[in-house]
Amino acid sequence: IWGNIPTISVGIDTTILEMKYVVKVLLSLYKSKGLRFKDLKKTVDREDTLSSRIKELEELNLIESTVIREKRRKFFAYSLTSKGQSLGKLLHEIEAL
């Protein structure tokens with residue numbers, strides 16, 4: 001059964017995928033092509049957990065942040081890097097099975 005499945009190497013320690021909400025965050029970003037922090041909060045129960053996951057995923061070069069300025073406010077938008085896109089695509093394909 002597994003013989004025909006192509007392998008994709010994204011160069012990360014896959015144990016990150018076992019951490020709570022990592023897969024949800026990656027899939028949300030993959031499907032949306034980018035989200036603000038407040039939008040990502042909808043996928044995670046706790047704001048501090050989301051902050052930790054974002055930091056860890058940024059350190060692994062799977063997501064990147066962009067500062068958006070609107071009027072007098074600034075906020076961060078998050079999107080997948082090319083490495084994150086590769087992993088997001090794989091997770092999306094697995095989700096569809």
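## Starting at Ser32

Which helix is Ser32 found in? Ser32 belongs to helix α1. Bear in mind that we're looking at a predicted model.

How exposed is Ser32? With a relative accessible area of 31%, Ser32 counts as partly exposed, because that class covers whatever falls between under 20% (buried) and over 50% (exposed). A polar atom of the Ser32 side chain sits 2.9 Å from the backbone oxygen of Ser28.

Now for the strands. What is their order in the sheet? Three of them make an open sheet, arranged β1-β3-β2 with antiparallel pairing. β1 (35-36) and β2 (63-70) are the edge strands; each has a single partner strand, so one side of each has no neighbour in the sheet.

Take the β1 side to begin with. β1 and β3 (residues 73-80) are antiparallel and pair over two bridges, and Arg36 is found opposite Ala77 in β3.

Helix α3 (residues 47-59) lies across β2 and β3 and runs at about 120° to β2.

## Helix against helix

α1 also packs against α3, with an angle of about 70° and axes 10 Å apart. That angle makes the two helices roughly perpendicular, because the class spans 65 to 115 degrees. Which residues make the contact? From α1 come Val22, Val25 and Leu26, while α3 brings Leu50, Arg53 and Leu57. Sorted by class, that's five nonpolar residues, no polar ones and one charged.

Then there's α4 (residues 82-95), which packs with α1 at about 100°, the axes being 9 Å apart. So α1 and α4 are roughly perpendicular as well. On the α1 side of this contact are Val23, Leu26, Leu27, Tyr30 and Lys31. They meet Gln85, Leu87, Gly88, Lys89, Leu91, His92 and Glu95 of α4. The class count for this contact is six nonpolar, three polar and three charged residues. Leu26 turns up here and in the contact with α3 too.

## Thr43 in its loop

One more residue deserves a stop. Thr43 sits in the loop between α2 (37-40) and α3. Buried or exposed? Thr43 is buried: its relative accessible area is 18%, and the cut-off for that label is under 20%.

What does the side chain of Thr43 reach? It gets to the backbone oxygen of Leu40, at 2.7 Å. Setting aside neighbours within four places in sequence, Thr43 has contacts with Tyr21, Lys24, Val25 and Ser28. Two of those names have come up already: Val25 is part of the α1 contact with α3, and Ser28 is the residue whose backbone oxygen lies 2.9 Å from a polar side-chain atom of Ser32.

Technical notes: Residues are numbered from 1 along each chain as its sequence is written. This is a predicted model: local features need pLDDT of at least 70, side-chain atom pairs count only at pLDDT 80 or more; totals for chains, interfaces and linings use all residues. Side-chain values use heavy atoms; hydrogens and water are left out. Two strands pair if DSSP finds at least two bridges between them. Helices (H or I, at least four residues) and strands (E, at least two) are DSSP runs, numbered from the N terminus. Contact means heavy atoms within 4.5 Å. Axes are lines fitted to C-alpha atoms, for helices over the stretch in contact, and angles run from 0 to 180 degrees between N-to-C directions. Buried means under 20% relative accessible area, exposed over 50%, partly exposed in between (1.4 Å probe, protein chains only). A polar contact is a pair of N or O atoms within 3.5 Å; within protein, one must be able to donate a hydrogen and the other to accept it, and residues adjacent in sequence count only if both atoms are side-chain atoms. Angles under 35 degrees count as roughly parallel, over 145 as roughly antiparallel, 65 to 115 as roughly perpendicular and the rest as oblique. Ala, Val, Leu, Ile, Met, Phe, Trp, Tyr, Cys and Pro count as nonpolar, Asp, Glu, Lys and Arg as charged, and the others, Gly among them, as polar.
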